[in-house]
Amino acid sequence: MMDSAARPATLDHRSSYANGLTLLRGPDCESSGLPLLCLPILTRSASLLNLLLQDGAVDLELTSSVVALDPGLAFTTLQLANRERREEDELIWQFPLAVVAGGQHRLLQAVNQAPKIESYSSTKIRAELRQLWVRAVVRACLARALSQQVGGGNPRQAFLAGLLFELPALVQLTFPSCPSSQLGLQAAWRESLPPGIAAAIGQARDCDHVHAPSKDGPQSSLAASIRLAELLLGCTMHESSPRLGKGRELASNSVWQCWKETSLRQRHLLLDRCCELARWAAAHAPGMNPWEFTARLERSKGWE
């Protein structure tokens, strides 16, 4: 029943820009055009949002949980939320606010026009997109836990940054024959993410920035949490032990502001717990209802 609620993708490729942006079609969007970087989402996400957004009174908690566990959908929602903001307005990054600002009908249109991961004809592409999705969710959970336990940053921002960390890879898989699609991502990135979060993701993608001493403040701590979360993915994705060993090596790096008040023993205990969290997230995110998953994640030790 839920799968039948999701209509097939109806992307009008004649309206696509060379950089991967697509015009969102629909009666609520024609006046503004609303060019979006339309990225693949899970069929499950489309099905659930088609059910949740049909009623006049939208349950923001349930809807936000669905958005938060799908990187393509999360970025689409942020694009919609910030598309028509005034220059003096702050960028919206929290999912409940983004759902409200994006608009119920526009979000539904974007969801139904987005390509679905399970609909790709190539088995290889489907597998790569699915793995990227799992990695994004696990990384987001790890970044949130690290930020929450160590301090110096905003755990919700850490979750979002971890979720969107591999957005360039998602764009590359979506538009393999469109080299300029990364330019579309950069433009959408600037318009949809607060500079501090975008900068932290950029720092986290560059190991040299994380190894070097950084200024005190939430941005450097946020970057450190994201980078360490990325390194710790090795204990979940069945990668070789050197990757996890590198994470432990970074845990000993005292130049990170977020580690300075944490003993080496506490750091290693935290990393062990993070590996447990990563395995739990990878095992349960695909099958558990998004709202149950996020509720258990937010409860103290609820995921154990």
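## Helix α16 and its buried face

Let's start with helix α16, which spans residues 290-298 and has Pro290, Phe293, Thr294, Arg296 and Leu297 as its buried residues. Looking down the axis of α16, these buried residues fall within an arc of 165 degrees, so they line one face of the helix.

## The chain as a whole

Before going further, please note that this is a predicted model. The protein chain holds 16 helices and 2 strands. Of its 304 residues, 53% are buried.

Contacts across the sequence are also worth a look. Taking the contacts in the protein chain with a separation of 6 or more, 70% are between residues 24 or more positions apart.

## The nonpolar core

How many residues does the largest nonpolar core have? The count is 86, and the residues with the most contacts inside this core are Phe75, Leu164, Leu193, Ile201 and Phe293. Phe293 is also one of the buried residues of α16. Among the contributors to the core, α7 gives the most, with 14 residues.

Leaving aside residues up to four places away in sequence, Leu164 touches Pro71, Ala74, Phe75, Leu78, Trp189, Leu193 and Ile201.

Helix α9 runs over residues 167-174, and its residues Leu167, Leu170, Val171, Leu173 and Thr174 are buried. They cover an arc of only 165 degrees around the axis, which puts them on the same side of α9.

Which elements cover this side? The cover over the buried residues of α9 includes strand β2 (35-37) together with α4 (71-82), α7 (123-150), α8 (155-164) and α10 (181-192).

Ser181 sits in α10, and with a relative accessibility of 0% it counts as buried. Ser181 and Leu37 are 144 residues apart in sequence, yet their C-alpha atoms are 8.7 Å apart in space.

## Where α3 meets α5

Two packed helices are described by the angle between their axes and the distance between the axes. For α3 (residues 60-68) and α5 (residues 95-102), the angle is about 100 degrees and the axes lie 9 Å apart. The two helices are therefore roughly perpendicular to each other.

On the α3 side of this contact are Leu60, Thr63, Ser64, Val67 and Ala68, and they meet Phe95, Pro96, Val99 and Val100 of α5. Sorted by type, the residues of the contact are 7 nonpolar, 2 polar and no charged.

## Asp59 and Leu52, around α2 and α3

Asp59 is found in the loop between α2 (43-52) and α3. Is Asp59 buried or partly exposed? With a relative accessible area of 36%, Asp59 is partly exposed. Between the C-alpha atoms of Asp59 and Pro96 there are 9.4 Å, although the two residues are 37 residues apart along the chain.

Leu52 belongs to helix α2 and, at 15% relative accessibility, counts as buried. Not counting residues up to four places away in sequence, Leu52 touches Val58, Leu62, Thr63, Val66 and Trp291. Thr63 is also among the α3 residues that meet α5. Leu52 and Leu108 are 56 residues apart along the chain, and 9.8 Å separate their C-alpha atoms.

## Asn82 in α4

Our last stop is Asn82, in helix α4. Is Asn82 buried or exposed? At 3% relative accessibility, Asn82 counts as buried.

With residues up to four places away in sequence left out, the residues that Asn82 touches are Glu90, Leu91, Ile92, Glu191 and Ser192. The distance from Asn82 to Trp93, C-alpha to C-alpha, is 8.8 Å, and the two are 11 residues apart in sequence.

Notes
Residues are numbered from 1 along each chain as its sequence is written. This is a predicted model: local features need pLDDT of at least 70, side-chain atom pairs count only at pLDDT 80 or more; totals for chains, interfaces and linings use all residues. Side-chain values use heavy atoms; hydrogens and water are left out. Axes are lines fitted to C-alpha atoms, for helices over the stretch in contact, and angles run from 0 to 180 degrees between N-to-C directions. Helices (H or I, at least four residues) and strands (E, at least two) are DSSP runs, numbered from the N terminus. Angles under 35 degrees count as roughly parallel, over 145 as roughly antiparallel, 65 to 115 as roughly perpendicular and the rest as oblique. Contact means heavy atoms within 4.5 Å. Ala, Val, Leu, Ile, Met, Phe, Trp, Tyr, Cys and Pro count as nonpolar, Asp, Glu, Lys and Arg as charged, and the others, Gly among them, as polar. Buried means under 20% relative accessible area, exposed over 50%, partly exposed in between (1.4 Å probe, protein chains only). The arc is that of the directions from the helix axis to the C-beta atoms. A nonpolar core is a set of buried Ala, Val, Leu, Ile, Met, Phe, Trp, Tyr and Cys residues joined through side-chain atoms within 4.5 Å.
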